[in-house]
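Subject: A structure for you to look at

Hi,

Here is the structure I said I would pass on. Have a look at it first, then read my notes below.

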Amino acid sequence: MTTLTSRADAAHALMMLLAEHPTLPQPEFELYEYESDTGDPDWGVCLVVNDSLALFEQWRAALDLDPDLIDYSACSHGASLSAVGEVHGVSVELFAVPDPTK
């Protein structure tokens, strides 16, 4: 990112994302603060999709996040997927934990 974003910028981007995709089931979401490449504080959006890899893929495509950059991780409670990109000038992370029983 070339400019630092404020919490208000991240909140605005989140509202835009949700408004632009009203037909997709709404994920859980939060704003998060992280350290930018320059060491300054920056704000981003995290969208969390539970129990549905298909919904993760729908949101990934809607946000135009690069499918080649999806990260797969295995952990004690199952597997997770994440994709990171920039939408509306704000860092966005899409995260999913599938239900292992489905």
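Of the 102 residues in the protein chain, 36% count as buried, where buried means under 20% relative accessible area, exposed means over 50%, and partly exposed is in between (1.4 Å probe, protein chains only). Before you go further: this is a predicted model, where local features need pLDDT of at least 70 and side-chain atom pairs count only at pLDDT 80 or more, while totals for chains, interfaces and linings use all residues. Residues are numbered from 1 along each chain as its sequence is written, and side-chain values use heavy atoms, with hydrogens and water left out.

Now the overall layout. The protein chain has two helices and five strands, and along the sequence they follow the pattern α-β-β-α-β-β-β. Helices (H or I, at least four residues) and strands (E, at least two) are DSSP runs, numbered from the N terminus.

Let's start with helix H1, residues 7–20. Its 14 residues should span 20 Å at 1.5 Å a residue, and its end C-alpha atoms are 20 Å apart, so the two agree. (The expected span is 1.5 Å times one less than the number of residues.) Which residues of H1 are buried? They are Ala10, Ala13, Leu14, Leu17 and Leu18. Seen down the axis of H1, these buried residues fall within an arc of 130°, so they line one face of the helix; the arc is that of the directions from the helix axis to the C-beta atoms. On the face turned away from the buried side, H1 carries the exposed residues Ala8, His12 and Ala19. The buried residues pack against strand S1 (28–35), S2, helix H2 (53–62), S4 and S5.

Next, the core. The largest nonpolar core has 22 residues, and those with the most contacts inside it include Val45, Leu47 and Trp59. Such a core is a set of buried Ala, Val, Leu, Ile, Met, Phe, Trp, Tyr and Cys residues joined through side-chain atoms within 4.5 Å. H1, S2, H2, S4 and S5 each supply at least two residues of this core, and H1 gives the most, with five.

Two strands pair if DSSP finds at least two bridges between them. Val45 stands opposite Val92 in S5, while Leu81 has Ala96 in S5 as its bridge partner. The hairpin of S4 and S5 has two residues between the strands, and His88 there takes a positive phi near 55°.

Last, a pair of serines in S4 (residues 78–87). Is Ser82 buried or exposed? Ser82 is buried, with a relative accessible area of 12%. Leaving out residues up to four places away in sequence, Ser82 touches several residues, including Phe56, Leu69 and Phe95; contact means heavy atoms within 4.5 Å. Ser80, also in S4, counts as buried at 8% relative accessibility.

Cheers

Methods. Expected span 1.5 Å × (residues − 1).
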